[in-house]
Each structure stands twice: as C-alpha cells, then as structure tokens.
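Grab a pencil and have a look at the protein below. Try each exercise yourself before reading its solution.

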Amino acid sequence: MEEAKGPVKHVLLAKFKDDVTQEKIDELIKGYANLVNLIEPMKAFHWGKDVSIENLHQGFTHIFESTFDSKEAVAEYVAHPIHVEFANMFLGSLDKVLVIDYKPTSV
C-alpha cells in the first residue's frame, strides 16, 4: 500500500509512576495541552484515560495524541526547546512510555 498523504498523528501512551500524585498528573496534562499554543507545528492535542473493558492496556493508563501537518513538522516539534524542556520533566514522572507516529489511512 502507498503511504497516506495528509496529517501525522503523534501518539504517546503513558503509565505514571505510582508515587506521582493526581495533582501532579493534572499539572503535567495541562502543560502538555499548552504546547499546542507554544509550538507552531503542533496543530491539535487530545488526551484521555484508558476506559477499555478488555484489560489489554499492559499498564498504560493515559493516551496523548498530537496532530502535525507532516513528518518534518513532528521532527521540528521534537527538537523544539520548549518541547525538550517539557519532555524531560514529563518523562521523569513516567514508569512506562510508548510513542508512535502514523498517518491515518483509509483502505
């Protein structure tokens, strides 16, 4: 199949460390959401908590999804000093993390 054209989704699955308080998690989520206002290539941001009844989450509890116009825009975001500073703080609160970038594709 041909690679899809259009936006790129940057998905991060997270499991926060057991000693991270809900207040700290809320603060980190607000900070993550605010990146869309600070880093131009980031076009949209959504997040949520696992609500699946299948119990296949492998310990991941939260999902964060950002939208970009291209793979190059994701690279610009990843290297941006504001993202680097936030990521260092955010990742320090995580026990597990998984990141996938993909282009939504219809068959």
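Predicted model: local features only at pLDDT ≥ 70, side-chain atom pairs only at ≥ 80, totals over all residues.

**Exercise 1.** Check the radius of gyration of the protein against what a compact globule would have.

*Solution.* First, take the chain length, 107 residues; a compact globule of that length would have a radius of gyration near 13 Å. Then look at the protein itself: its value is 14 Å, so the two agree. For the outline, the C-alpha atoms fill a box of roughly 45 × 35 × 15 Å along the principal axes. Finally, turn to the contacts: among those with a separation of 6 or more, 77% are between residues 24 or more positions apart.

**Exercise 2.** Find out which residues touch the most other members of the largest nonpolar core, and which elements supply it.

*Solution.* Begin with burial: 34% of the 107 residues count as buried, meaning under 20% relative accessible area. The largest nonpolar core has 21 residues, and Phe16, Tyr32, Leu35, Met42, Phe64, Tyr77 and Phe90 touch the most other members. Now trace where the core comes from: strands E1 (8-16) and E3 (62-68) and helices H1 (22-38), H2 (71-79) and H3 (81-91) each give at least two residues. H1 has the largest share, with 5 residues. Last, zoom in on Tyr32: leaving out residues up to four places away in sequence, Tyr32 touches His10, Leu12, Met42, Phe45, Phe64, Ser66, Tyr77, Phe86 and Phe90.

Technical notes. Residues numbered from 1 in each chain as written. Heavy atoms only, no water. Rg over C-alpha atoms; globule rule 2.2 N^0.38 Å. Buried < 20%, exposed > 50% of the residue type's maximum accessible area, 1.4 Å probe, protein only. Contact = heavy atoms within 4.5 Å. Core = buried A, V, L, I, M, F, W, Y, C linked by side-chain atoms within 4.5 Å. Helix = DSSP H or I, 4+ residues; strand = E, 2+ residues; numbered from the N terminus.
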